[in-house]
Amino acid sequence: MQSDLVESEKGNVASKSHFSPEATRNIGIMAHIDAGKTTVTERVLYYTGRVHRVGEVHDGTAVMDWMAQEQERGITITSATTTCQWMDHRINVIDTPGHIDFTAEVERSLRVLDGAVAVFCAVGGVEPQSETVWRQADKYNVPRIAFINKMDRTGADFFRTVEMMIERLGTQPIPIQIPIGSAETFSGIVDLIKMKALKWEDHDFGMTVHEVPIPDDMKDVVDDYRSRMLELIADWDDDLLVKYLEGEEISEQNVNDGLRNATIAGDVVPVLCGAALKNKGIQPILDSIVSYLPNPREVSAITGVNPQTDVVEERLPDETQPFSALAFKIMTDQHVGRLTFLRVYSGVLAKGTKVYNSSTRKVERVNRLLQMHANRREDRELVYAGDIVAAIGMQDITTGDTICQMDAPIVLESMDFPMPVISIAVEPETKSDVDKMNVALARLAEEDPTFKVHQDPETDQMLLSGMGELHLEIIMDRLSREFKVSANIGQPQVAYRETVGHHSIVDKKYVRQTGGRGQYGHVCLEVYPIDKGAGFEFVNEIKGGVIPSEYIPAVRKGIESAMGIGGLAGYPIVDVGVRLFDGSYHPVDSSEMAFSVAGSMAFKEAVKKSSPILLEPIMTVEVIVPDDYLGKVMGDLNSRRSQILDTEVRSKSRVQVIKAYVPLSGTFGYVKTLRSLTQGRSTHSMEFSHYSLVPQSIFEEVVSAKTSAE
């Protein structure tokens, strides 16, 4: 593959290192898992001359799936960037993952792209993750074209998939092609704009495309869909509407102009079809990218805040503007070190230049600039507005940071990532792995904004949090392969809390005689429950100096120490008040230590007398679920001891939003179950809300486990 790449450079992108913004397209390939995104991208590379051999996902030879885990599993895990050339235009392509666990890769890619190609499976139609990535593209107002793939598969239905786009995505698709046959009879497409049939040669991997007459038995359906296409486009183009209503001839240019304007406005989605694996339908995708998706100057100017004045400023995609770029991805390359992927929004950047990181307010140096082709690199001397490149040399930079010209600072809008929803506990197998694991996890967390690492202060476990089981599985695999760290995996423990059931009073003396000076501390205190979430309340009612004032802080310190240890199952005690109202002291034997111990002993005894209770963490969970699966999801939530707070109907998108309180212990495995119940069509978020009383059965189970451990 390396030799293919070097050879292809001679007549391709390397022949022209700089394209104007008007001749640049920054696009992403997005879809549900297994819809064929990477196969489409591999064909794009082949037909644009970027490579001279077609890579296949199923063989593990796809250029864009370069990670070992991607090649083994046949899935895309990390977004890969490449550049190719078509019709004197440069197309920067990002191939994104389809699995929801790697949604951050899609999120940050769409943030820096100007357009996208949404790939749908003609058999599965609009699948669950299709909806998720579509909503992400809506969030960033990314214009799209659609490609209905796998028309050669049994069960393929182009027209049903178009209807599903309307129903599930709430969009306005405009078929500009219809297929000739389907499944085993699929042989080509009819172009409704050119009014020609297109067929591909098999012997040269579809490189040769023939325009042939439209089959006679399709003329009626072609005329029908041509009329529908023109009617829809005419809604957004007054000139075309007049010609259509008056029966005048409508040229290809008229149609293309109207379709381009409506697509860039986000009002319509041109729909194409084909079979990428059989090398049919890819060249029209490239034509449509150039014809209908915007160049960097046709999208809204990027805005940001000047950190010195707090004034909102614009940066136009022009080389004469001050330089600005957004770091949308950090990656560690074993050959060149830390790579920072940049979308250049304005100006020009030369290698060796010092730049200002306005997010951290630090100066960085860009040692090298690279044009990326998956995991391969080509050096660039200069990069321009509209470019997507990687830089080497910047150290103190993270995903979402803005780099800009030193004398023209600006902070561009960053990107938001979903919070991790599942955790596992890990520990290194040997002491020698401890430092290696810490370094490795820090690097992985730096690359992936949805991967978090933290130490549980109560259980002392190292917890890894991510977007799903597969996400964490890949993290552990990378930990082993790339960083040579061996670790054991376990389940995280629930961090319970304890509190008191009612008030109790204790009179406690701590007396020790050891032959010399003894120890004496005597306290009388009352323990009582306080409001939920109030924490701890200490009331000093000592009068007449029965306990000298210098010993009062020691009593409180002893109580707080005992609170951390717990009195029931070893969990911290919360929401408790202590009233110190009496006691005594010895003029010789009393000390701060003696009163601290006395306070601790008295508190523990008072807790035991107060009918202590166990509290569990409760999460606020929000589930977005299509109407069809509402009953199943509600039933499952009820089985997890949930308290349903509210359901909200979103009629436009035909989904319902469920808000509920769910015990943390009930959320374990929820990601997998929710996806199974809804075929992956639901999404959810959760965050800590409060602590609440556990049921008696769980109380007995936790206390019994504690007793057995002791």
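**Chat about a predicted chain**

Me: How much of the chain is buried?
Reply: Of its 710 residues, 56% count as buried, meaning under 20% relative accessible area with a 1.4 Å probe and protein chains only, while over 50% is exposed and in between is partly exposed.

Me: Before I go on, what sort of model is this?
Reply: A predicted one, where local features need pLDDT of at least 70, side-chain atom pairs count only at pLDDT 80 or more, and totals for chains, interfaces and linings use all residues. Residues are numbered from 1 along each chain as its sequence is written, and side-chain values use heavy atoms, with hydrogens and water left out.

Me: OK. How many helices and strands are there?
Reply: 17 helices and 37 strands. Those are DSSP runs numbered from the N terminus: H or I with at least four residues for helices, E with at least two for strands.

Me: Let's do helices. At what angle do H7 and H8 pack?
Reply: About 135°, with the axes of H7 (residues 219-234) and H8 (residues 238-245) 8 Å apart. Axes are lines fitted to C-alpha atoms, for helices over the stretch in contact, and angles run from 0 to 180 degrees between N-to-C directions.

Me: And what does that make H7 relative to H8?
Reply: Oblique. The cut-offs are under 35 degrees for roughly parallel, over 145 for roughly antiparallel, 65 to 115 for roughly perpendicular, and oblique for the rest.

Me: Which residues meet there?
Reply: Ser227, Leu230, Glu231, Ile233 and Ala234 from H7 meet Leu240, Leu241 and Tyr244 from H8; contact means heavy atoms within 4.5 Å.

Me: What about H9 and H10, how do they cross?
Reply: At roughly 75°, with the axes of H9 (residues 252-264) and H10 (residues 282-292) coming within 9 Å. That makes H9 roughly perpendicular to H10. On the H9 side you find Asn256, Leu259, Arg260, Thr263 and Ile264, meeting Val290, Ser291 and Tyr292 of H10.

Me: Switching to strands: what's the order in the open sheet of four?
Reply: S7-S8-S9-S10, with antiparallel pairing. Strands pair if DSSP finds at least two bridges between them.

Me: Why do S7 and S10 have a side without a neighbour?
Reply: S7 (177-180) and S10 (209-212) stand at the edges with a single partner strand each, so one side of each has no neighbour in the sheet.

Me: How many bridges link S9 and S10?
Reply: Four, in the antiparallel sense, with S9 covering residues 196-200. Alanine 197 has valine 212 in S10 as its bridge partner.
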